[in-house]
Amino acid sequence: MHKENIDINATLIDQVFEMQKAQAIKMRMSSVNQRIILLKKLLDWIKSHQVDIRRAIHADFKKPYPEIDISEIFVVTSEIKHAINHLEAWMKPKKVSTPITMLGSSSYIHYEPKGVSLIIAPWNYPFNLALGPLVSALSAGCTAIIKPSEMTPHTSALIRRLVDETFDKSQVAVFEGEIDTAQKLLEKPFDHIFFTGSPAVGKIIMKAAAENLSSVTLELGGKSPAIVDKQADLTDAATKIVWGKFVNCGQTCIAPDYVLVHQSVQIPFLEELKAQIQKMYDPSEKGIEKSKDYARIVSTKHLKRLKHLMADAELKGAQLFFGGYVNEDDNFFEPTVITNVTDEMEVLQEEIFGPILPIKPYDDIEEALGYINSKPKPLALYVFSKDEKQIQEVFKNTSSGGVVANDCVLHFLQNELPFGGVNNSGIGKAHGHFGFLAFSNEKAVLKQRIGFTASKPLFPPYGFTSKKIIQSILKWL
């Protein structure tokens, strides 16, 4: 970007930020109905522009229309409807109990908007992961600036159009651009920053936020494992893992990153994986590349990274079980399954974020749990088994942002559940009530009576009576 354009963009950012600061103060007093009006305007635009949304996302990386409908449009519209139906209850002050030491007082929690928020969205689900956090921000009564990804320019332009046609810039604004735009935005003292992306960039965001003590929600990623034990229904497990892994061409933060399969069922499980890949993406046996149901890698840069991961793995002894074909002219990377993987390979060291699925056998569940617990805490963890005791052992003896038994990725669609990571895989939660809380300040409110109170006998000077009362409090309360 030329310096002149950078300066113009910086000036606009300054102006919009000041507008939103003023508007944020007004929105502290916004009612349930006023916030619902904004949410309904967003919902109406999406409903009346579904064709435009599909075309924009497909233009960026050939994502199939049905995938766009379910993983981009439905996710946002269901989030909006959920917020509209529950917002009154979320906003209502929450009364808390009064301990004996506070007799005479009353206390409650008041949910006030944090203020001006920044939403930095990724490219892999460019519509969903920009608009979902916006729903939470508007529900909480915040203003918002959205920075969509430059990697998906058609979708970014559509998001800007949506916002320009739906909101005043003092409420919601969009700034397109590359890293210099993001850096300029991060210099501003936002009240809250919501970032979705990699752990590496998440650290940069957190450092920038620390300069202004801005609170953050970091939706990151990592290596989400799937465990397939010897009592799993192999056909069912393979079907769900294939869908969870290869939807969006593997470019999903909660996709199964690798599979730990009990060694006694590894061979039949591999055959089931192969059968399910062919069933979903090549039922007519004309080649997966001709399938209309399989997306593409977002850019040549990311395709080259995936090719490097494969080359590194094969050089170090990995065996190609299925797939592996790449067409650079179309950013096509075939669904790929590899075996004989070791920790020396980069596919088991960094998040793959593409359609490569490493399969690693284990002998007993303690070995599998030990392997998972030796790694940074994942964003998601999946376990496939008919044994409820085994499932509970996995749940209790691992730490992850979310955990699912006998399925993949579906917890993202459950608006009553918090979505987010833990430590390396994220900070803070999103969706539904948890998204509302992320953009809200839970303000403590206490009302005290006038005159005698339970605390007044504890004021100085500390005579015999006050000391006795303090000792009794320490002993009995």
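Q: Before we start, what counts as a cavity here?
A: A cavity is a set of grid points where a 1.4 Å probe fits but cannot get out. Keep in mind that this is a predicted model.

Q: Good to know. How many cavities of 30 Å³ or more turn up in the whole structure?
A: The search finds 4 of them.

Q: And what is the volume of the largest cavity?
A: The largest cavity comes to about 150 Å³.

Q: Which residues would I find nearest its centre?
A: Look for Leu129, Pro133, Phe412, Ala430 and His431, which lie nearest the centre among the 15 residues lining the largest cavity.

Q: Which element gives the largest share of that lining?
A: That's α5, with 5 residues. Helix α5 covers 128-140, and α4 (65-91) and β6 also supply at least two lining residues each.

Q: How many residues line the largest pocket, and which lie nearest its centre?
A: There are 43 lining residues, and Trp123, Phe195, Gly197, Ser198 and Val201 are the ones nearest the centre.

Q: So which element shows up in both linings?
A: Strand β6 does: it gives two or more residues to the lining of the largest pocket, and at least two to that of the largest cavity.

Q: Now the backbone. Which peptide bond is cis?
A: The one from Pro460 to Pro461 is cis, with omega near 0°. Pro461 sits in the loop between β18 (440-447) and α15 (464-476).

Q: And what about phi at Glu285?
A: Glu285 has a positive phi of about 60°, although it isn't a glycine. You'll find Glu285 in the loop between α10 (266-281) and α11.

Q: Why point those two out?
A: Because most residues other than glycine have a negative phi, and most peptide bonds are trans.

Q: Last one, the surface. Which residues form the negative patch?
A: Asp363, Asp364, Glu366 and Glu367 form it. Asp363 is in the loop between β14 (356-362) and α12 (365-373).

Technical notes. Residues numbered from 1 in each chain as written. Predicted model: local features only at pLDDT ≥ 70, side-chain atom pairs only at ≥ 80, totals over all residues. Heavy atoms only, no water. Patch = residues over 30% accessible without salt bridge, like charges linked within 9 Å, V, L, I, M, F, W, Y side chains within 5 Å. Areas by Shrake-Rupley, 256 points an atom, 1.4 Å probe, with all protein chains shown as cover. Salt bridge = Lys/Arg side-chain N within 4 Å of Asp/Glu carboxyl O. Lys, Arg positive; Asp, Glu negative; His and termini not counted. Charge placed at Lys NZ, Arg CZ, Asp CG, Glu CD. Helix = DSSP H or I, 4+ residues; strand = E, 2+ residues; numbered from the N terminus. 1 Å grid on protein atoms, 1.4 Å probe; cavity = no way out; pocket = protein on both sides within 12 Å on 5 of 7 lines; lining within 4 Å. Points joined across faces, edges and corners; volume = space filled by probe spheres on them.
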